[in-house]
Amino acid sequence: MTHEFKQLLEVAYAWQNTEIPSVLATVVALEGSSYRRPGVRMLISASGAMEGAVSGGCVEKEVLRQSESVFKTGHSKVMTYDGRFRLGCEGILYILLEPIQISETLFQSLQDCFQKRQRFTATSYFESEFIENNAFGTLINIDGKVFTLHPSMTVPEEQSGLQTFHQDFQPIFQLYIFGAEHDAVQLCQLASHIGWEVHIIAAPDEQKTIAYFKGATSLSTPIMEAIDVSNIGKHSAVVLMSHSFNKDVQYLLALKDTKPAYLGLLGPSKRRERLFSELLNFAPHTPYEFFERMHGPTGLNIGAESASEIALSIVAEILSVIRDAELMPLREKSGKIHD
């Protein structure tokens with residue numbers, strides 16, 4: 001959810017700079033089932049504009065209506081939304097509504113977090129009652145320094161008896177695509193749409209610009225000896241799709257000591273085995289775990305044929321790996337959709 005929080009923060013800050021007040025709505029508790037889990041947020045402006053969503057679209061109108069009193073009084077409150085009577089979702093949402101005013105220090109500190117890929121936390125204080133209380137609100141903790149989202153919040157003491165919802169924000173997930181063909185464009189667009197930072201690595205002879213890759217965060221065209229893999233780690237996925245056997249061998253040589261959350265190879269199993277064999281010829285001491293982590297052919301078997309469908313199958317497999325999800329039709333899953 002880090003990318004969603006980042007987007008809401010930037011929108012709120014932009015509204016604030018044009019003197020448009022805003023209210024942040026956060027789902028802080030849930031009884032039963034709902035479209036999304038606690039921690040999801042949306043932003044409402046004093047003019048009625050909305051950014052983000054806390055459900056599939058059914059709750060937002062009520063959030064907008066309830067936010068009117070927060071704009072008038074400047075006091076935070078908790079609203080409830082009982083989906084059992086309105087939606088048949090069998091769930092009750094508890095939503096914290098708080099006016100926010102982002103200080104320059106907080107904004108810059110968070111931007112530094114995003115850029116340096118550091119984690120931070122948020123703790124929301126509330127009660128599961130329909131009341132106003134200036135002790136309600138969210139505190140942001142960045143490397144031990146605590147910020148409030150609105151200056152009128154009374155920072156609660158531990159003995160205050162308020163309920164808390166704690167959230168740990170990890171670095172925004174990133175996808176490294178090695179390749180610059182049409183299928184890489186489709187994968188880039190889909191991955192960026194779901195909030196991942198996408199980095200394209202292409203050979204110098206590709207002659208592509210970042211404008212070719214809609215949604216890309218960066219495009220680099222280094223010589224093989226200068227490929228930078230220092231930022232590839234547990235919050236990253238890598239997909240090799242250069243359509244060049246020799247280039248993929250060199251990319252694997254550059255990646256052999258990295259530990260991404262997901263490493264995928266485009267192409268059939270025979271090509272994968274040839275790549276492994278060639279890699280071992282050049283680097284016989286490549287860790288066995290590197291080969292074990294490889295997903296090749298990359299993607300789930302969903303019958304994909306077009307480039308956009310193949311991109312969907314790849315993104316779906318990456319999600320299943322990083323979320324440790326057992327693959328099955330949801331109709332066959334017992335219990336809740338969200339574990």
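Mentor: We begin with the naming of elements: helices (H or I, at least four residues) and strands (E, at least two) are DSSP runs, numbered from the N terminus. This is a predicted model, in which local features need pLDDT of at least 70 and side-chain atom pairs count only at pLDDT 80 or more, while totals for chains, interfaces and linings use all residues. Residues are numbered from 1 along each chain as its sequence is written, and side-chain values use heavy atoms, with hydrogens and water left out.

Trainee: In which element is the place of Ser313?

Mentor: Ser313 lies in helix H9.

Trainee: Is Ser313 buried or exposed?

Mentor: Buried means under 20% relative accessible area, exposed over 50%, and partly exposed in between, with a 1.4 Å probe and protein chains only. Ser313 has 4% relative accessibility and therefore counts as buried.

Trainee: With which residues is Ser313 in contact, leaving aside its neighbours within four places in sequence?

Mentor: A contact means heavy atoms within 4.5 Å. With those neighbours set aside, Ser313 is in contact with Gly299, Leu300, Ile302 and Ala304. There is also a polar contact to consider, that is, a pair of N or O atoms within 3.5 Å; within protein, one must be able to donate a hydrogen and the other to accept it, and residues adjacent in sequence count only if both atoms are side-chain atoms. A polar atom of the Ser313 side chain lies 2.7 Å from the backbone oxygen of Ile310.

Trainee: How should I read the buried residues of helix H7?

Mentor: An α-helix has 3.6 residues a turn, so residues three or four places apart point the same way. In H7 the buried residues are Arg271, Leu275, Phe276 and Leu279. Seen down the axis of H7, they fall within an arc of 140°, so they line one face of the helix; the arc is that of the directions from the helix axis to the C-beta atoms. The face turned away from the buried side of H7 carries the exposed residues Lys270, Arg274 and Asn281. The buried residues of H7 pack against H6, E14, helix H8 (288–292) and E15.

Trainee: What is the order of the strands in the open sheet of six strands?

Mentor: Two strands pair if DSSP finds at least two bridges between them. The order in this open sheet is E12-E11-E10-E13-E14-E15, with parallel pairing. Strands E12 (218–220) and E15 (294–295) stand at the edges with a single partner strand each, so one side of each is left without a neighbour in the sheet. Helix H6 (residues 245–255) packs on the sheet, touching E13 and E14 among others, and its direction makes about 155° with that of E13. Such axes are lines fitted to C-alpha atoms, for helices over the stretch in contact, and angles run from 0 to 180 degrees between N-to-C directions. Strands E13 (residues 236–240) and E14 (residues 262–265) are joined in the parallel sense by four bridges, with Ala237 opposite Tyr262 in E14.

Trainee: How many residues of strand E2 are buried?

Mentor: Five of the five residues of E2 (residues 41–45) are buried, so the strand is largely enclosed by the rest of the structure. Arg41, Leu43 and Ser45 lie on one side, with Met42 and Ile44 on the other. E2 pairs with strand E1 (residues 22–32) in the antiparallel sense over five bridges, and three bridges join E2 to strand E3 (residues 50–52), also antiparallel. In the hairpin of E2 and E3, Gly48 takes a positive phi near 95°.

Trainee: Where is the place of His150?

Mentor: His150 is in the loop between strand E8 (145–148) and strand E9 (163–169). His150 is buried, with a relative accessible area of 2%, and a polar contact of 3.4 Å joins its side chain to that of Ser76.
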